Amino acid sequence: MSPVDKFFKLTEHGSNVRTEVVAGITTFLTMAYIIFVNPAILGDAGVPKDAVFVATCLAAALGTVIMGLYANYPIGMAPGMGLNAYFAYAVVLGMGVPWQSALGAVFISGCLFILVSVFKVRELIVNGIPHSLRVAITVGLGLFLALIAMKSAGLVVASPETLVRVGDMHKPQTIMAIFGFLLIVTLDRLRVPGALLIGIVVVTVMSFFFGGNTFHGFMSLPPSLAPTLFQFDLKGAASLGLFNVVLVFFLVELFDATGTLMGVASRGGLLVDGKMKRLNKALLADSCAIVAGSVLGTSSTTAYLESAAGVQAGGRTGLTALVVALLFLAALFFAPIAGVVPAYATAPALLFVACLMLRDLVDVDWSDTTESVPAAITALVIPFTYSIAHGIAFGFITYAGLKLLTGQARQVKPVVWVIAALFLFKYTYLKG
């Protein structure tokens, strides 16, 4: 037995080096779009795009290496979709928080996540949150992401009379974005690996012919990380006005990571009696990646559901994750390509991810209005207020209030009362 086989337990998992390498390449292709999307989103918030590109690759590589070597799971990690949009559009642009302070909030949430994982109280928190609200947060994130995507594509524009209206459908950028979206959906339906990445690349190529884009080279040495490295501001993040931001980051990271890890593990047959044997190790890897990402200069890093593509290709161990990490490091030398990807080229990928996030609505118990109404409030308030924080706050407050008024207070777990009370205190006594 080779050292690699022995370390990753390939034979025990019914795998081999070749299968793991192919699975790693497959996973990377399905999630490589984040290399282009994350700098575009955080760049809108004023974070230096070139440095974000480097931070994205390094955070993804570091988090995935920890996941592979420490937890031995075939799961790739990178800055999370939805959380990066919340960071840029809701916290920095919406609330006027400096991006350095927002990175500080990510750092604090990552530290909280580490404590939760180390002391094994994750189950207490996750099991205490109603399933309907967990689903609603995901759906609300999807709607929020969809609004951002359609704005970037020019499909939705501001209107003083109606708040929003349809954009100019004759603009080449909008037409290309629509084409890119249809292409991604088609390729995904045909099970083509890397459908999102292909869609982004095709629209970017079209932009040179129809969108006035210009080419700046293919490869180069990685840009400097200095503009974002160690730029997080803990003092600013620790201010009372940002406690709800930290709470939102923490809750979404917790649910997203747990749900993704369980989902990918289930698809790969890695669950034992319905549980992940090394779930706590995987969550520690996730939380360490969040802290490392904030230090490097990017929003929350998390496990990627796209890892299921690699599992489908046969990946069963951390060797798959190690391959993904190496490919993210190699991507550092392709910064010029990332720099020419326009927002309307990444918009189709965002919209497709948003559509996938809406499918969880079927899991809500619509016959019980004390469950469905708070879920609906959460999902609707997020895009309509352009704030994930307000959506989650209204959802928890509504849930606790309805259960109390209908005599079902005993069904509510203590953690819900605590979170609802925190948000009520925030709205009653704090500004922002």
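## The nonpolar cores

Let's start in the middle of things: the largest nonpolar core holds 127 residues, and those touching the most other members are Met-67, Phe-87, Leu-261, Phe-328, Ile-392 and Phe-396. Helix H12 (residues 243-267) gives the most to this core, supplying 13 residues. Keep in mind while you look around that this is a predicted model.

Setting aside neighbours within four places in sequence, Ile-392 is in contact with Ile-137, Val-248, Leu-251, Val-252, Thr-378 and Phe-423. Another core lies apart from the largest one; this other core has six residues, including Val-135, Val-139, Val-364 and Ala-375.

## Helix H8 and helix H18

Next, a look at how helices pack. Helix H8 (residues 131-153) and helix H18 (residues 369-384) have axes that come within 7 Å and cross at roughly 25°. Angles under 35 degrees count as roughly parallel, and H8 and H18 are therefore roughly parallel to each other. Their crossing is right-handed.

From H8, the contact uses Ser-132, Leu-133, Ala-136, Ile-137, Val-139, Gly-140, Leu-141, Leu-143, Phe-144 and Leu-147. Facing them in H18 are Glu-371, Pro-374, Ala-375, Thr-378, Ala-379, Ile-382 and Pro-383. By class, the residues of this contact are 13 nonpolar, three polar and one charged.

## Helix H8 and helix H17

H8 also packs with helix H17 (residues 343-357): the two axes come within 8 Å and cross at roughly 155°. That angle makes H8 roughly antiparallel to H17. Here the crossing is left-handed.

On the H8 side you will find Thr-138, Val-139, Leu-141, Gly-142, Leu-145, Ala-146, Ala-149, Met-150, Ser-152 and Ala-153. H17 brings Ala-343, Tyr-344, Ala-347, Leu-350, Leu-351, Val-353, Ala-354 and Met-357. The contact of H8 with H17 contains 15 nonpolar residues, three polar and no charged.

## Helix H2 and helix H15

Now for a pair from elsewhere in the chain. The axes of helix H2 (residues 17-31) and helix H15 (residues 318-330) cross at roughly 50° and come within 7 Å. That makes H2 oblique to H15, and the crossing of this pair is right-handed.

H2 contributes Val-17, Glu-20, Val-21, Ala-23, Gly-24, Ile-25, Thr-27, Phe-28 and Met-31. These meet Leu-319, Thr-320, Val-323, Val-324, Leu-327 and Phe-328 in H15. The contact of H2 with H15 divides into 11 nonpolar, three polar and one charged residues. You have already met Phe-328, one of the residues that touch the most other members of the largest core.

## Ala-420 in helix H20

Ala-420 is found in helix H20 (residues 414-429). Its relative accessibility is 5%, and because buried means under 20%, Ala-420 counts as buried.

What is Ala-420 in contact with, leaving aside its neighbours within four places in sequence? The partners are Phe-396, Ile-397 and Ala-400.

## Helix H3 and the residue after it

Helix H3 (residues 34-44) is mostly covered, with nine of its 11 residues buried. The buried ones are Ile-34, Ile-35, Phe-36, Val-37, Asn-38, Pro-39, Ala-40, Ile-41 and Leu-42. Just after H3 comes Gly-46, which takes a positive phi of about 95°.

Key. Residues numbered from 1 in each chain as written. Predicted model: local features only at pLDDT ≥ 70, side-chain atom pairs only at ≥ 80, totals over all residues. Heavy atoms only, no water. Axes fitted to C-alpha atoms, helices over the stretch in contact; angles between N-to-C directions. Helix = DSSP H or I, 4+ residues; strand = E, 2+ residues; numbered from the N terminus. Parallel < 35°, antiparallel > 145°, perpendicular 65-115°, else oblique. Left-handed = near helix turned anticlockwise from the far one by under 90°. Contact = heavy atoms within 4.5 Å. Nonpolar A, V, L, I, M, F, W, Y, C, P; charged D, E, K, R; others polar. Core = buried A, V, L, I, M, F, W, Y, C linked by side-chain atoms within 4.5 Å. Buried < 20%, exposed > 50% of the residue type's maximum accessible area, 1.4 Å probe, protein only.
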